[in-house]
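Below is a short briefing on a predicted model. It takes the sheet, then the overall dimensions, then the pockets.

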Amino acid sequence: MPPSLLCHSKREASMTNLGRLYPLLDDVRLPDDLPYSQVSTWELRFLYLLGRHHLTGADRLVELGSGGGGSTYALALGLRESPVFDEGTGRLHAYDFFRVGKGTFATEKFFTAGAKPADDDSFLDDFKSRLEPFLPFLEIHAGDLWQTSDPQDTSPIEFLHVDIAKTARVFRCVAERFLTRLRPGSVVLHQDFAGPRLPWLHHSTGALLPYIEIAGPPIRSTLAFEVVRPIPEDLLKRIAEDAYTVEEKLELISAVQERIDRDHTGGIPFKSVLEFAKAYVAHYAGDHKRAWSIAEALTGDAYLSRTRADHFAQLRTAYEQDREKGGGGSRLGRLVRKAVRR
């Protein structure tokens, strides 16, 4: 990273409570044999720093989407080295399917052998083996989040790492059963914040802006924030019930765009990513024309064109299919349009 950009990032981060951890990122040295993880080294370092220098374990520590265990290991290592975390009373709760297959968004790399055994799709034993040093204070919740989380649990959450909300269905569970337990001082990490296909992360954050303090620039694809004011119950209910209009969601995402620009390394242009997320708000609402209109304006963005080509293809295809259904026309006409596009 250019020195000027690093200095800018550190100055911005220093304005917040969590931001004091940013200058420490470069000095973190994690074990070489850390379990496989789909998150970046920067994010793993930040998790370690949170455990080592910020979290206490007085309230619940929750990781939603532990995967192969890399992120869990980094956080647990920081907690073990913390002068205030008590392994006898503190608990880190790890939630995941711990299986590969349709709907799990897991990779076979989560297996120790790097591939799924012929007779088993669960990597839970592999996870336990990797996290063995921390099992005394690690509580594992394996299965569908709707089944493994307790709707009656209202205990406060000190830390919430969200790396599981790949669908609106799962995000509703996160909102109903975990966001409602946030209190002033709670720390939230949205690991998929660079994912345009998950706009619920973005517009829900926009709704929370009056009650949170963003730590600083995103750490690669992770946005970190701290709750600084009590969050009204009716607002959390609106988020959980997805009770916002398309226009309201777009405005909420715009509000987030005003707060963040690039990630702390300068590599991810979040203003463009969030603009792309707006296209998915329209797409999920069935307005494919508007979705493609928003997306088409972003095709010149170097980062998005390099990393999200499949997103552009998805939105364009939906728009063209919708147009053909609505406009009808003869088979010859459709062939002509197809030839022109080529």
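Strand E2 (residues 92-96) and strand E3 run parallel and are joined by five bridges. Within this pair, Ala94 faces Ile140 of E3. The two strands belong to an open sheet of seven strands with mixed pairing.

**Sheet**

- The strand order is E3-E2-E1-E4-E5-E7-E6.
- Strand E3 (138-142) and strand E6 (212-214) are the edge strands; each has a single partner strand, so one side of each is left without a neighbour in the sheet.
- From one strand to the next, the twist averages 15°.
- Helix H2 (residues 41-53) packs on the sheet, where it touches strand E4 (157-162), strand E5 (182-190) and strand E7 (223-227).
- The direction of H2 makes about 160° with that of E5.
- In general, strands of a sheet pair through backbone hydrogen bonds, in either a parallel or an antiparallel way.

**Overall dimensions**

- The chain contains 14 helices and seven strands.
- Its C-alpha trace spans about 70 × 50 × 45 Å along the principal axes.

**Largest pocket**

- The volume of the largest pocket is about 860 Å³.
- Its lining comprises 41 residues, and Gln38, Asp163, Lys166, Gln191 and Asp192 are the closest to the centre.
- Helix H3 (70-80) and helix H6 (168-177) each supply at least two residues of this lining.
- By residue class, the lining of the largest pocket has 14 nonpolar, 17 polar and 10 charged residues.

**Second largest pocket**

- The second largest pocket holds about 280 Å³ of space.
- It is lined by 16 residues; those nearest the centre are Ala168, Trp200, His203, Asp242 and Lys249.
- Two or more lining residues come from each of H6, helix H7 (199-208), helix H8 (233-240), helix H9 (246-257) and helix H10 (270-284).
- The lining of the second largest pocket divides into 11 nonpolar residues, one polar residue and four charged residues.

Definitions and conventions: Residues numbered from 1 in each chain as written. Predicted model: local features only at pLDDT ≥ 70, side-chain atom pairs only at ≥ 80, totals over all residues. Heavy atoms only, no water. 1 Å grid on protein atoms, 1.4 Å probe; cavity = no way out; pocket = protein on both sides within 12 Å on 5 of 7 lines; lining within 4 Å. Points joined across faces, edges and corners; volume = space filled by probe spheres on them. Helix = DSSP H or I, 4+ residues; strand = E, 2+ residues; numbered from the N terminus. Nonpolar A, V, L, I, M, F, W, Y, C, P; charged D, E, K, R; others polar. Pairing = 2+ DSSP bridges. Axes fitted to C-alpha atoms, helices over the stretch in contact; angles between N-to-C directions. Contact = heavy atoms within 4.5 Å.
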